[in-house]
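I opened this model to look at its strands and loops. My notes follow.

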Amino acid sequence: MSVTGGCQCGAVRYAAESLGASSICHCRMCQKATGGFFGPYVDTPGLTWTRGQPSYFASSKDVKRGFCAACGTPLTFESHGQGGVMIGTLDEPEAAPPTTQLVWPEKLAFVDRLGELAHWKSKAGREASEEFAAVASRQDGGEDR
Ligand SMILES: [Zn+2]
Ligand SMILES: [Zn+2]
């Protein structure tokens with residue numbers, strides 16, 4: 001079992017048997033549930049909680065969304081006993097590149113241009129990763145990392 005992930009603070013951790021279909025969803029509920037521009041999901045067959053448990057909000061009649069009550073990280077999208085996790089919560093998010101997008105009228109037009117954004121630079125001309133390299137993260141490293 002190599003698929004693992006969890007929330008920002010580490011109170012909730014999960015493992016899954018494998019990664020399934022991966023997608024992003026542009027509906028308004030996904031924008032609200034993530035605080036982002038779209039919802040990023042990958043199906044995770046055999047999902048089990050290895051530390052803590054998520055809290056849930058039923059965002060519609062058939063869908064519940066799991067999140068960490070301690071730090072607020074969105075974790076899952078579940079419907080009719082099936083579902084997946086938010087790609088950004090995987091320990092290895094590069095393993096789940098989205099292959100399709102669910103397009104709704106609420107899709108934010110600027111999403112298609114995100115790759116063209118200018119890179120932020122400090123006054124000294126350094127990239128963010130260089131400028132903030134000394135910032136100490138409070139991210140949980142995961143029990144298996
Ligand atoms: Zn947390
Ligand atoms: Zn959605």
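I began with the hairpin of β1 and β2, where six residues lie between the strands and Gly-10 has a positive phi near 90°. Helices (H or I, at least four residues) and strands (E, at least two) are DSSP runs, numbered from the N terminus. I count two strands as paired if DSSP finds at least two bridges between them.

The model is predicted: local features need pLDDT of at least 70, side-chain atom pairs count only at pLDDT 80 or more, and totals for chains, interfaces and linings use all residues. Residues are numbered from 1 along each chain as its sequence is written, while chains are lettered from A and ligands numbered from 1 in the order in which they are written.

Next I checked the pairing in that hairpin. β1 (residues 3-6) runs antiparallel to β2 (residues 13-16) over four bridges, and Gly-5 stands opposite Tyr-14.

I then traced the open sheet. Its seven strands come in the order β6-β7-β8-β9-β4-β3-β10, with mixed pairing. β6 (55-60) and β10 (100-102) are the edge strands with a single partner each, so one side of each has no neighbour in the sheet. Inside this sheet, β3 (residues 22-25) pairs with β4 (residues 39-43) in the antiparallel sense over four bridges. Ile-24 has Pro-40 of β4 as its bridge partner.

Last, I looked up His-80, in the loop between β8 (76-79) and β9 (82-86). His-80 is not a glycine, yet has a positive phi of about 50°. Most residues other than glycine have a negative phi. Is His-80 buried or exposed? His-80 counts as exposed because it has 7 C-beta neighbours inside 10 Å (buried means 20 or more other C-beta atoms within 10 Å, exposed 12 or fewer, partly exposed in between, with C-beta atoms placed from the backbone).
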